[in-house]
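Hi,

Here is the structure I promised to pass on to you.

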Amino acid sequence: LSAANPGGKLIAGTTAVRSERFALDPLLQTSAAPAAAGASSSGMPASAAPAEEIGPFDLPLTADGTVNIGETVYKGLAVSDFDLHYRLENNILTVDRLTGKVAGGTFHRTARVDLVKKGLDYRTKVGIAAIQADPLVTAFLPKAAGTLFGSLTLDTELSGRGTLPAALKKNLSGGGELQVGEGKLTGAGLVRGLADYLQLDELRSVTFSQAKGNFRIEDGKLRLDSTVSGHDLRMK
C-alpha cells in the first residue's frame with residue numbers, strides 16, 4: 001500500500017494484494033457476523049432496523065490497485081488464478097478486469113459503479129465459459145440446487161441502481177446469450193409441470209445435447225427465447 005499527499009484534500013493511493021492461497025469465505029462470514037448479531041446505530045436490533053440504500057459517497061481520494069490470488073474459495077466454490085484490476089477516480093469505481101477459473105471453466109467481468117448516487121448506479125459485463133452449471137447454481141441459487149447440469153457458457157450486460165431486493169427488481173435491466181452443452185434439467189418447475197401436464201414421467205428428468213438462447217431483463221421480468229435439442233426431446 002502506498003499513498004501520496006496524505007495531508008491534502010485529495011489522497012492518491014495504490015494497492016497491490018498478492019497471495020498464493022487465501023480463504024475468502026471465512027473472512028466474509030466473520031466481517032458480517034457482528035452486524036447480524038449486534039444493534040443498529042439507532043439502538044434497535046439489527047434485524048428490526050429499517051433497511052436503507054447505501055450511499056451516496058464522496059471519497060477524498062483517487063486509487064488504483066490489483067488483487068492476485070492463486071487459490072481461494074468463494075461461496076464454497078474453489079477459484080484459481082483470480083486477477084482483479086481496479087481504479088477509483090471522481091467517486092467512480094471502475095473494474096477494468098476481473099478474471100479467474102472456477103468449476104472447470106473461466107469467468108471474466110468488467111464493471112463501473114457511480115458512488116455519488118444513493119443506492120449506487122452500476123453497469124457490468126460478465127462472461128463465463130464452459131463452467132459446470134450444478135456447482136454454480138448451488139452456490140448462487142441454493143433453492144435451485146440439483147436442477148441444472150451441463151457445461152454453461154454465458155455473456156451478459158447488466159445495469160441497475162439500488163442494493164435492496166425491491167430496488168434491484170425494479171431497476172435491473174440488461175440481457176445476453178447463454179448456452180448449455182451436454183446437460184440435464186430435473187426437478188425444476190418447467191419440467192415437472194410439463195411432465196404432469198403430458199402425464200409422461202420420462203420428462204421429469206430431461207437430458208439434452210444443447211440448449212441455447214438469448215434473454216432480456218426488464219420491468220422485473222426475465223424474458224427468455226431458447227431452443228433445447230436432444231435425443232428424446234426438442235423444444236423451442
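Below is what turned up, starting with the ground rules and moving from the sheet to single residues.

This is a predicted model, so local features need pLDDT of at least 70 and side-chain atom pairs count only at pLDDT 80 or more, while totals for chains, interfaces and linings use all residues. Residues are numbered from 1 along each chain as its sequence is written, and side-chain values use heavy atoms, with hydrogens and water left out.

**The sheet**

Twelve strands form an open sheet in the order 1-2-3-4-5-6-7-8-9-10-11-12, with mixed pairing. Strands here are DSSP runs of E with at least two residues, and helices are runs of H or I with at least four, both numbered from the N terminus; two strands pair if DSSP finds at least two bridges between them. At the edges are strand 1 (2–4) and strand 12 (234–235), each pairing on one side only. Strand 4 (residues 77–89) and strand 5 (residues 92–102) run antiparallel and are joined by nine bridges. Within that pair, Leu84 has Leu98 in strand 5 as its bridge partner. Helix 2 (residues 133–140) packs on the sheet, where it touches strand 3 (61–74), strand 4, strand 7 and strand 8 (148–161). The direction of helix 2 makes about 45 degrees with that of strand 8 (axes are lines fitted to C-alpha atoms, for helices over the stretch in contact, and angles run from 0 to 180 degrees between N-to-C directions).

**Two residues to look at**

Asp114 sits in strand 6 (residues 105–114). Asp114 counts as buried because its relative accessibility is 11% (buried is under 20% relative accessible area, exposed over 50%, partly exposed in between, with a 1.4 Å probe and protein chains only). A polar atom of the Asp114 side chain lies 3.0 Å from the backbone nitrogen of Val116.

Lys117 lies in the loop between strand 6 and strand 7 (121–132), and at 30% relative accessibility Lys117 counts as partly exposed. The C-alpha atoms of Lys117 and Phe57 are 60 residues apart along the chain and separated by 7.7 Å.

Best wishes

Methods. A polar contact is a pair of N or O atoms within 3.5 Å; within protein, one must be able to donate a hydrogen and the other to accept it, and residues adjacent in sequence count only if both atoms are side-chain atoms. Contact means heavy atoms within 4.5 Å.
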